[in-house]
Amino acid sequence: MSACAEGIAENEVIIRCRGVTVGFGERLILDGLDLDVRRGEILGFVGGSGTGKSVLMRTILGLNPLRGGTVEVFGHDLGAVDTATRAGIERCWGVLFQHGALFSSLTVLQNIQVPMREHLHLTQGLMDDLARLKIAMVGLPPDAADKFPSELSGGMIKRASLARALALDPAIVFLDEPTSGLDPIGAGDFDDLIAKLRDTLGLTVFMVTHDLDSLRSVCDRIAVLGNRRVLVEGPLATMLTFDDPWVKAYFRGTRARGLAAPAAE
Amino acid sequence: MDSASPLAPWAQSPPTFRRDPGDAGEVVRLSGDWTIRTIGPIEADLVPFRRDLEAAAGAVTFDLGGLGRLDTAGALVLLHLFGDVAEARRTIVGVDAKQRILLDEVAGAEREPAAPQLGPGPVIRFLIELGRYGVGWWVEARAVLGLLGGVAAVLFKIMLHPSRLRFIPFVNQLQRTALDATPIITLMSFLIGCIIAQQGAFYFRRFGADLYVVDMVGVLTLREIAVILTAVMVAGRSGSAFTAELGSMKMREEIDALKVIGLDPVEILVVPRLVALMIALPILTFLSDLASILGAAIVCNVYADIPIETFLYRLHAAVEMRTFFVGVSKAPFMALIIALVACVQGLQVEGSAESLGRRTTMAVVKSIFMVVVVDGIFAMFYAAAGV
């Protein structure tokens, strides 16, 4: 139940993409893509390598320019908002980049405090308490606070980066392949963590992932990207019956053997 | 589902807190939004409030009925506030289910801050820093010598098997260190030649010794100025590039990848750069000689009324081939020290971006310093040899 999220009706669409078109040079990556993300859900976003999953995430975040279409967040068209509204929206989302993107010259504690320092006026004591709280919430040991990113393992970097993404208690969290590079146990723990944070903080999670286990265990809905648009969206059961060669190969291939049975329970 | 009115979830009302006397002890009423965005301004007001609350003896009821939004930061501040009243004396009312979950979650995750470790005193700290600095010098001197040994070993192998020289990277480095540097080096030397000639002419004229400007410019630039300035420019230009290139490769584990594949980073990365720089610097010094003498000749002609023919005649008398060789013979040694220092610094880069910046700065500073030291050693050597 994050502060940002309150006052938004349950199941209301908080990110609405309509006709999103993005390209680099001659090449179109996304062409007329439509997608809704509803409040409080964990949306898994899958697609083959190079189909533009990260591009869509970066476009919603405003890191890539839009060639056509609209992206609405909290009902504001991001193409037309004034700077104050834009700043407000930016404080209501947090991003976990694929490789963590922690600032390498700052400790974990300082990394988490960067958004607080930049956007708010809090005393150092309270910021320290808050940063330690986030470190504990993402399951890092207390002594991680004073370590530099280069001293952390891959899994710890993901957790520290998630702690930074949660620094301002956002309503929406974007996760770019949060479990890639983690061992299955670590990845499972990370999924549990995200589900727990969703339940306690009321987060909305937009997760770009390749991890079939994540898709099964934590995602409420799945959207599949292909042919520059969303091929199909819905719960896992829809994916298993959808008739498209790539979707079939993905959800019913050898690596997905475990998917069908538990999902049918 | 479509177009609900736009929301502004970041617009929030300030939190308030108030103490009221009640039937069963005091009541602390908390209302408004308690979030990370709103608690900043009230933090200071909360301090005396908490002090009074802590001093109070009776039972206290916290009424959260009027509470608006709550997030982890607000929950943390509220928990600190609750903590001021002993558990037996306090009751908390008006918490809804979601707020309860959040408060429990935060209470579960909160930890006592680790006790700050008592560091050593200022004198000990100074001594530690001094020791570290000294050891740093020693470590680095060893690293430079180690790399020099590695380079020598690779060069020996190349002499036995000339095909081992990485020809294309070497030519690429030669272009970047010599050809690409030519415009700026010649321009700078031309201007320095002009300035020295003008200053010389200005002072020599008082003694009626105008023509000696040519001697001064010739000897000074050929022996010292051209090679030193070129070496400093190259240290700033190519030395920093070497450090940054090797450093960023080190950061991305590319150097380790080379080693694992069975390739020697010294052979692949250091030797082409070092050999290229050792060839580039004498060439650039020669160009610098020409440019500065050209600049001097023009200034002498325009400012001191010494015709070009007279200038050349005088120059021919003043300098010999030996003067030129004294200057240019220092260039390969300066190039060697610049490349070694820069590569050693690059290979010592650690994980962070800050470390890369620090190492690049150190590479430039140390290599310029070493250029001056090498020049001094050569000056003593030539003085002893009577050249």
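In the hairpin formed by β9(A) and β10(A), two residues lie between the strands, and A:Asn227 among the hairpin's residues takes a positive phi near 50 degrees. Helices (H or I, at least four residues) and strands (E, at least two) are DSSP runs, numbered from the N terminus. This is a predicted model, in which local features need pLDDT of at least 70 and side-chain atom pairs count only at pLDDT 80 or more, while totals for chains, interfaces and linings use all residues. Residues are numbered from 1 along each chain as its sequence is written, and chains are lettered from A and ligands numbered from 1 in the order in which they are written.

Most residues other than glycine have a negative phi. With 18 other C-beta atoms within 10 Å, A:Arg228 is partly exposed. A residue is buried if 20 or more other C-beta atoms lie within 10 Å of its own, exposed if 12 or fewer, and partly exposed in between, with C-beta atoms placed from the backbone.

A further positive phi, of about 50 degrees, occurs at A:Asp169, which is not a glycine. A:Asp169 sits in the loop between α5 and β7 (172-176) of chain A. Here the residue is buried, with 28 other C-beta atoms within 10 Å.

Helix α3 (residues 108-119) of chain A has as its buried residues A:Val108, A:Asn111, A:Ile112, A:Gln113 and A:Met116. These pack against α4 (124-137) and α5 (154-165) of chain A.

The interior can be described through nonpolar cores, each a set of buried Ala, Val, Leu, Ile, Met, Phe, Trp, Tyr and Cys residues joined through C-beta atoms within 7 Å. The largest has 100 residues, and the members touching the most others are A:Leu43, A:Ile172, A:Phe174, A:Val205, A:Phe206 and A:Met207. Beyond its neighbours within four places in sequence, A:Met207 is in contact with A:Ile42, A:Leu43, A:Gly44, A:Phe45, A:Leu175, A:Pro178 and A:Cys219, a contact being two C-beta atoms, placed from the backbone, within 7 Å. Apart from this core lies another, of 62 residues, including B:Val214, B:Leu277, B:Cys343 and B:Val344.

Chain B contains 12 helices and four strands, and 34% of its 387 residues count as buried. Among its contacts between residues at least 6 apart in sequence, 85% join residues at least 24 apart. Strand β3 (residues 60-70) of chain B pairs with β4(B) in the parallel sense over four bridges, and B:Asp63 has B:Val93 in β4(B) as its bridge partner.

Confidence is given by pLDDT, the predictor's confidence in each residue, from 0 to 100. Chain A has a mean pLDDT of 82, with 92% of its residues at 70 or more. Among the elements of chain A, strand β8 (residues 204-208) has the highest mean pLDDT (89) and helix α10 (residues 257-264) the lowest (54). Where pLDDT is low, the predicted coordinates should not be read in detail.

Notes:
Pairing = 2+ DSSP bridges.
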